[in-house]
Amino acid sequence: MVYQVIGGGTGAGGLGARAAGGPGGDLGAVVVDALPYIDHEYEGPGVREAVLAMVEEETRRYRPTKNYLEHLPPLNLHAFETDIIRAELERLQSRTPMDMISMKRYELPPPVHGRHNDLQAWTEAVDNSYAQLEQQVTRIINLELLEKYGAEVCKAHNEVLVGLARNVQGRLRDIRSQIQDIHLGRKTRQTEVGERLQLLESQWVGLVSKNYEIERACVELEKETSAPDEQFMKGWTSQLDNDNKTNIIKNGDEDHHNDEEHDEPPLKKARAFE
């Protein structure tokens, strides 16, 4: 499904999306008018490739007209640097090898050669041995405490982790239930809309077919009505011609009779008048 971001793209649009224009339209909003639960024409051969080609063309032609990060403060890349991190970054940049872990604190070296008779050197060596022994005693105590209470501590920690996991799983179930409800609601609404669209489409097809039949009937009726009119006109013209001929003959006879009356002598006319 291809969508269009209103106010952000070049206006090419795509399948399954439309612009949210008009009053109350949110500039930059995405309005999807596809019905994936009832629209199956997208599964046709070549449709997916055509949609992906349209998206690729839109992405290639799109050029941002503004900086979408201008409301954020400038990026500070050194906000979390400390002296140690800064020194380590400088070491990496200079490709200097890393220093090995110092084990001197765990060593018991005797006084160096030349100070075997130095009391201060032996005092420092003895103090170092005491510190090493104390550190070993502390390790032994920690191991004994771990052996005595470690299992219970691990159990308590595991219970805390189990509680956290149970809480997260409960939230996950709630979110999945909400997602499922959303999908079911969408499917129900789209199914109802699909049935309504199918009904309207069938009505539209029926009306178009009926209009086509009416147009054909009108054409046939015009043909049927035009044929009698032509026959009537032919008959009326023929009758008019016959009437005209009859009138012409009749008028000719009357004119001839009038001419004969004009040719009679006056005495005969007077007698006829008497």
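This is a predicted model: local features need pLDDT of at least 70, side-chain atom pairs count only at pLDDT 80 or more; totals for chains, interfaces and linings use all residues.
Reader: What percentage of the residues in the protein chain is buried?
Author: Buried means under 20% relative accessible area, exposed means over 50%, and partly exposed is in between (1.4 Å probe, protein chains only). Out of 274 residues in the protein chain, the buried share is 9%.

Reader: Is Gln190 buried or exposed, and what does Gln190 touch?
Author: You'll find Gln190 in helix H3 (residues 119–263). Because its relative accessible area is 8%, Gln190 counts as buried. Contact means heavy atoms within 4.5 Å. Leaving out residues up to four places away in sequence, Gln190 touches Ala34, Leu35, Pro36, Tyr37 and Ile38.

Reader: Why can side chains pair up by charge?
Author: Side chains of opposite charge can pair when their charged atoms come close. The rule for a salt bridge is a side-chain nitrogen of Lys or Arg within 4 Å of a carboxyl oxygen of Asp or Glu. Counted by this rule, the salt bridges come to six.

Reader: Which residues are linked with Arg61 in a network of salt bridges?
Author: Start with the pair Arg61 and Glu58, whose closest N and O atoms are 3.6 Å apart. Both sit in helix H1 (residues 47–61), three residues apart, about one turn of the helix. Arg61 is partly exposed because its relative accessibility is 37%, while Glu58, at 18%, counts as buried. In the network, Arg61 is linked with Glu57 and Glu58.

Reader: How far apart are N and O in the salt bridge of Arg86 and Asp83?
Author: These two lie in helix H2 (residues 83–93), three residues apart, about one turn of the helix. Arg86 is partly exposed at 34% relative accessibility, whereas Asp83 has 62% relative accessible area, so Asp83 is exposed. Their side chains meet with N to O at 3.0 Å.

Reader: Which residue forms a salt bridge with Asp118?
Author: Asp118 is partly exposed, with 27% relative accessible area. The closest N and O atoms of the pair are 2.8 Å apart, and the partner is Arg115.

Reader: How many nonpolar, polar and charged residues line the second largest pocket?
Author: The lining includes Pro109, Val112, Arg115 and Asn128. Ala, Val, Leu, Ile, Met, Phe, Trp, Tyr, Cys and Pro count as nonpolar, Asp, Glu, Lys and Arg as charged, and the others, Gly among them, as polar. A pocket is an open set of points on a 1 Å grid over the protein atoms alone, where a 1.4 Å probe fits, with protein on both sides within 12 Å along at least five of seven lines; lining residues have an atom within 4 Å of a point. By class, the lining has six nonpolar, one polar and two charged residues.

Definitions and conventions:
Residues are numbered from 1 along each chain as its sequence is written. Side-chain values use heavy atoms; hydrogens and water are left out. Helices (H or I, at least four residues) and strands (E, at least two) are DSSP runs, numbered from the N terminus.
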